[in-house]
Amino acid sequence: MPHTPRRRLRALLMAAASATLVAATLPEPTALGIGDRLFPQLGNPGYDVIAYDIALTYTGSNTEPLDAVTRIDALTHERLDRVNLDFSHGTVRSVEVNGRPAEFASAGEDLVVEPTTTVAAGSNLRITVTHTSDPRGPKTAGGWVRTGDGLVMANQADAAHRVFPCNDHPADKAYFTFRVTTPDNLTAVANGQRVARSRNGTSTSWVYRTGHPMASELAQVAIGRSAVVERQGPHGVPIRDVVPVADKARLEPWLKKTPGHLRWMEDKVGAYPFETYGLLVADASTGFELETQTLSLFERSLFTDAAYPEWYVDSVMVHELAHHWFGNSVSPRTWSDLWLNEGHATWYQALYAEEKAKQPLVERMRQAYRLSDGWRAAGGPPAAPRAPAPGQKLGLFRPVVYDGSALVLYALRKTIGEAAFTRLEREWVTRYRDATASTKEFTQLASRVAGRDLSGFFDDWLYGKKTPAMPGHPDWRSVAPKPAPTAEKPA
């Protein structure tokens with residue numbers, strides 16, 4: 001993040017030259033983080049973001065940095081001499097705090113901002129950062145993804161700060177406004193609903209706004225030669241699909257399935273929690289699909305590769321939709337709570353495949369049980385996953401948080417019965433709508449709904465090194481994990 005620090009921060013970096021200066025100024029800027037067990041440097045203490053307003057200017061080349069201005073409105077909950085933001089992949093040109101120029105420096109993956117005066121606890125805080133947003137970098141790093149005709153975002157698990165300055169942790173959800181300027185032969189879309197569009201010579205400006213708070217990892221801006229296909233879902237919910245212009249007709253058989261998917265999910269857990277929904281089909285190879293809020297990201301090949309059976313593609317579409325209840329509306333308090341996102345999405349994916357395509361749920365769960373001990377040995381138990389290797393953040397998304405966590409829900413339904421399980425699911429997404437929630441809150445709610453203490457059940461299933469016996473299936477066995485190979489001694 002190249003930039004020219006101002007006089008005071010330059011002095012701080014040279015503090016060894018002056019003992020008097022060391023005593024008179026703040027310590028050298030450092031990365032902070034909120035202490036998440038898996039990503040300890042992620043997020044920032046001292047404030048809560050209320051809203052982001054992000055302006056991006058795209059020139060037409062996805063190999064050049066975008067000019068950007070990010071405005072952050074926040075509320076402090078402690079006294080701040082400095083404010084840390086997460087930002088690591090762009091050039092910072094200037095920073096203002098409450099309308100006044102501020103000093104800034106980078107530290108690790110943080111942008112450290114020093115206002116001209118200390119900000120008191122309980123104060124409104126507006127930070128405006130003028131910067132670039134760079135789409136170049138390793139494909140596995142996250143953030144911007146270059147497509148055949150533009151850009152999309154893929155910010156999970158913690159790559160939003162490669163795109164814009166933010167408090168990049170799902171515990172701090174906020175409202176978003178996106179202002180995107182593009183050449184007039186391109187279309188820009190983003191989370192939420194479009195509230196304005198205007199042409200100015202050879203460019204077009206687009207404004208989108210979310211109607212519900214959102215975690216930074218779920219932000220989406222897509223730019224390309226796209227067709228926007230609109231229809232209505234249940235109760236008049238607007239459905240907006242964004243697809244490559246050349247593929248519009250070919251993809252329509254898949255796009256028209258979404259209203260039925262919405263009806264099916266609403267029948268299971270209640271009303272869809274957002275103002276709009278749709279599919280964003282990108283001409284890109286990512287190796288994953290992603291539940292970016294109100295506009296789920298899909299690889300084009302999922303729908304065009306004949307190797308994928310129709311029932312499988314259908315169920316993957318439901319997986320990303322289910323996340324809008326589990327993970328988007330109800331977001332994880334920490335990254336260790338990821339099993340609540342992926343376990344539930346996998347659960348409804350498997351249930352849909354059973355009901356609509358006669359793919360037996362019990363067989364999928366039997367297979368998951370057989371492999372579960374190996375998954376736990378390799379990646380930790382569902383609610384205490386091991387941290388990914390350095391530089392391999394997507395390594396957090398292991399089988400244990402998908403089918404291994406859906407297996408926990410299967411065991412729970414077997415334990416408390418289908419009626420209580422359904423009540424639990426509906427109450428969970430209602431009680432914590434637009435909020436964050438933890439594993440502890442889920443287990444406590446489950447005990448209350450079931451009318452009995454389930455702490456022993458959850459301790460074993462969520463934190464045990466071995467998979468507990470499956471209720472109702474005493475014959476199920478998990479294959480013992482193979483021991484790791486022993487390194488040979490040097491000759």
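Three strands form an open sheet in the order 3-7-6, with antiparallel pairing. Strand 3 and strand 6 (103-107) are the edge strands, and each of them pairs on one side only. From one strand to the next, the twist averages 25°. The model described here is predicted.

**Strand pairing**

Within this sheet, strand 3 pairs with strand 7 in the antiparallel sense, over four bridges. Strands of a sheet pair through backbone hydrogen bonds, either parallel or antiparallel.

Another antiparallel pair, also joined over four bridges, consists of strand 12 and strand 15 (residues 221-224). Here Ala188 stands opposite Ile223 in strand 15. In a regular strand the side chains alternate between the two faces of the sheet. Strand 12 (residues 187-190) is covered on both faces. Thr187 and Val189 are buried on one side, and Ala188 and Ala190 are buried on the other.

**Salt bridges**

The structure contains 21 salt bridges. One of them joins Arg82 and Glu114, with the closest N and O atoms 3.4 Å apart. This pair links distant parts of the chain, the two residues being 32 residues apart. Arg82 lies in the loop between strand 2 (66-76) and strand 3 (83-86), while Glu114 belongs to strand 7 (residues 110-114). Buried means under 20% relative accessible area. Arg82 therefore counts as buried, with a relative accessible area of 14%, and so does Glu114, with a relative accessible area of 3%.

Two further salt bridges lie within helices. Glu363 and Arg366 are both in helix 8 (residues 361-379), three residues apart, which is about one turn of the helix. The N to O distance of their salt bridge is 3.6 Å. Arg431 and Glu427 are both in helix 10 (residues 418-431), four residues apart, again about one turn of the helix. Their side chains meet in a salt bridge of 2.9 Å, N to O.

| Residue | Relative accessible area | Class |
|---|---|---|
| Glu363 | 41% | partly exposed |
| Arg366 | 34% | partly exposed |
| Arg431 | 46% | partly exposed |
| Glu427 | 24% | partly exposed |

Salt bridges also join residues into a network, whose linked members are Asp53, Arg71, Asp73, Arg126 and Arg179.

**Nonpolar cores**

In soluble globular proteins, nonpolar side chains tend to be buried together. The largest nonpolar core of this model has 79 residues. Which of these residues touch the most other members? They are Phe303 and Trp428. Helix 7 (residues 338-357) gives the most to this core, contributing nine residues.

Leaving aside residues up to four places away in sequence, Phe303 touches Leu251, Trp254, Leu279, Val281, Phe298, Val313 and Met317.

Terms used. Residues numbered from 1 in each chain as written. Predicted model: local features only at pLDDT ≥ 70, side-chain atom pairs only at ≥ 80, totals over all residues. Heavy atoms only, no water. Salt bridge = Lys/Arg side-chain N within 4 Å of Asp/Glu carboxyl O. Buried < 20%, exposed > 50% of the residue type's maximum accessible area, 1.4 Å probe, protein only. Pairing = 2+ DSSP bridges. Axes fitted to C-alpha atoms, helices over the stretch in contact; angles between N-to-C directions. Core = buried A, V, L, I, M, F, W, Y, C linked by side-chain atoms within 4.5 Å. Contact = heavy atoms within 4.5 Å.
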